[in-house]
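Hi everyone, thanks for coming. Let me put the structure up, and then I'll walk you through it.

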Amino acid sequence: MEVAILDVMNEHFTRQMQDGQVVWTPVNIEDPTTQPLQQQLEVQSNGLVLARTENGVYKDSKRMDELWGLTDSPEAFSDYLVDEINARLTSAQGK
């Protein structure tokens, strides 16, 4: 699934990834050093979390559990992910 997510991000957010507005950060939840991040984002299992940061502080996050129900529909999967990323980018720009 990681590859599909990265494919969508590369297709729709290349510029934003290049300028650091969108960042892909894999986190191993079995690594005890990631526990503070897991607690801050309320992550208890593997999955995708979209998070918006300001000055290194997490301001908004959303577990993307609904995304996994769309794996059989690549277009719906892509649309949902793009919409959610755009919502966080718009929120950050609206400040």
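So, which helix does Ser78 lie in? Ser78 sits in helix α4, which covers residues 74–93. Helices here are DSSP runs of H or I with at least four residues, strands are runs of E with at least two, and both are numbered from the N terminus.

Before going on, some housekeeping. This is a predicted model, where local features need pLDDT of at least 70, side-chain atom pairs count only at pLDDT 80 or more, and totals for chains, interfaces and linings use all residues. Residues are numbered from 1 along each chain as its sequence is written, and side-chain values use heavy atoms, with hydrogens and water left out.

Back to Ser78: is it buried or exposed? Ser78 is buried, at a relative accessible area of 12%; buried means under 20%, exposed over 50%, and partly exposed in between, using a 1.4 Å probe and protein chains only. Leaving aside residues up to four places away in sequence, Ser78 touches Val8 and His12, where contact means heavy atoms within 4.5 Å.

Now the whole chain. There are four helices and two strands, and along the sequence they run α-α-α-β-β-α. The radius of gyration is 13 Å, close to the 12 Å from the globule rule for 95 residues, so the chain is as compact as a globular protein of that length. That radius is taken over C-alpha atoms, and the rule is 2.2 Å times the number of residues to the power 0.38. The C-alpha trace spans about 35 × 35 × 20 Å along its principal axes. And of the 95 residues, 25% count as buried.
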